[in-house]
Amino acid sequence: FIMLFTSFCSFASAKVNIAYINADKVFNNFSTWNNFVKKIEQHSIKVRDIVTKKEKDIEKIWFKIKKMRDNKQDTNKISVLEKDFKEKNIKLQKYVQYQKKQMDIKYINIKGQIQGKITKIINKIAKNEKIDMVINTNSVSFNSYVVYLNNRVDITDKVIEILNKEKMNLKLLIDVNGDGNE
């Protein structure tokens with residue numbers, strides 16, 4: 001017990017240098033991340049346009065089926081159209097699911113690569129400035145809870161400056177024509 005108490009006392013009296021970072025601010029001020037977000041938004045618009053066109057085509061088939069039923073036309077022809085309607089609906093659902101999955105995977109992958117880069121920069125700054133601990137504050141990006149920190153120990157802007165100077169080669173594009181039916 002005495003040994004444990006002595007260890008605790010010597011630790012408690014040691015000076016610990018602590019700094020903090022706001023990871024959300026880093027992400028929001030990192031040009032590569034902002035470019036990626038813009039590309040994801042552009043991709044989403046392209047996918048939405050493709051989906052809208054396919055929905056209109058499917059809707060035309062549905063109205064044709066309805067008209068044929070109302071006019072009591074050949075049930076075999078109606079069955080063929082119903083089969084086409086169902087297949088196109090299923091194909092569209094697969095396309096939407098595939099595109100969403102690809103965007104989610106790309107988002108997680110890119111964000112993970114950037115988080116890794118940020119962590120390396122934080123480690124470098126911490127070693128150079130003899131910081132013992134860096135805490136992330138106010139962030140959804142890394143999850144952390146802090147009640148109070150003094151701004152003089154904020155290294156966020158240093159991380160942003162270094163991060164924007166270093167280039168990251170990230171593949172940002174997703175194929176809008178991929179449909180998950182391969």
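The model discussed here is predicted. Its protein chain contains five helices and two strands, and along the sequence these elements follow the pattern α-β-α-α-α-β-α. The chain has 182 residues, of which 30% count as buried.

H3 covers residues 31-70, and its 40 residues, at 1.5 Å a residue, should span 58 Å. Just after H3 comes Lys72, with a positive phi of about 55°.

Which residues of H3 are buried? They are Thr32, Trp33, Phe36, Ile40, His43, Val47, Val51, Ile58, Ile61, Ile65 and Met68. In general, an α-helix has 3.6 residues a turn, so residues three or four places apart point the same way. With that in mind, the reader can follow Trp33, Phe36, Ile40 and His43 through the buried set. The partners of these buried residues are helix H2 (23-28) and H4, against which they pack.

The pairing of H3 with H4 can now be described in more detail. Two packed helices are described by the angle between their axes and the distance between the axes. For H3 and H4, the angle is about 170° and the axes are 9 Å apart. Angles over 145 degrees count as roughly antiparallel, and H3 and H4 are therefore roughly antiparallel to each other. The residues of this contact comprise 21 nonpolar, four polar and 10 charged.

Helix H4 (residues 75-128) also meets helix H5 (residues 156-165), and there the axes come within 10 Å and cross at roughly 120°. This angle makes H4 oblique to H5. The crossing in which H4 passes H5 is right-handed.

Which residues bring H4 and H5 together? On the H4 side they are Lys117, Ile118, Ile121, Ile122 and Ile125. On the H5 side, Lys158, Val159, Ile162 and Leu163 meet them. Sorted by class, the contact of H4 with H5 has seven nonpolar residues and two charged ones, with no polar residues.

Taken together, H4 has two described partners: H3, to which H4 is roughly antiparallel, and H5, to which H4 is oblique.

Definitions and conventions
Residues numbered from 1 in each chain as written. Predicted model: local features only at pLDDT ≥ 70, side-chain atom pairs only at ≥ 80, totals over all residues. Heavy atoms only, no water. Axes fitted to C-alpha atoms, helices over the stretch in contact; angles between N-to-C directions. Helix = DSSP H or I, 4+ residues; strand = E, 2+ residues; numbered from the N terminus. Parallel < 35°, antiparallel > 145°, perpendicular 65-115°, else oblique. Left-handed = near helix turned anticlockwise from the far one by under 90°. Contact = heavy atoms within 4.5 Å. Nonpolar A, V, L, I, M, F, W, Y, C, P; charged D, E, K, R; others polar. Expected span 1.5 Å × (residues − 1). Buried < 20%, exposed > 50% of the residue type's maximum accessible area, 1.4 Å probe, protein only.
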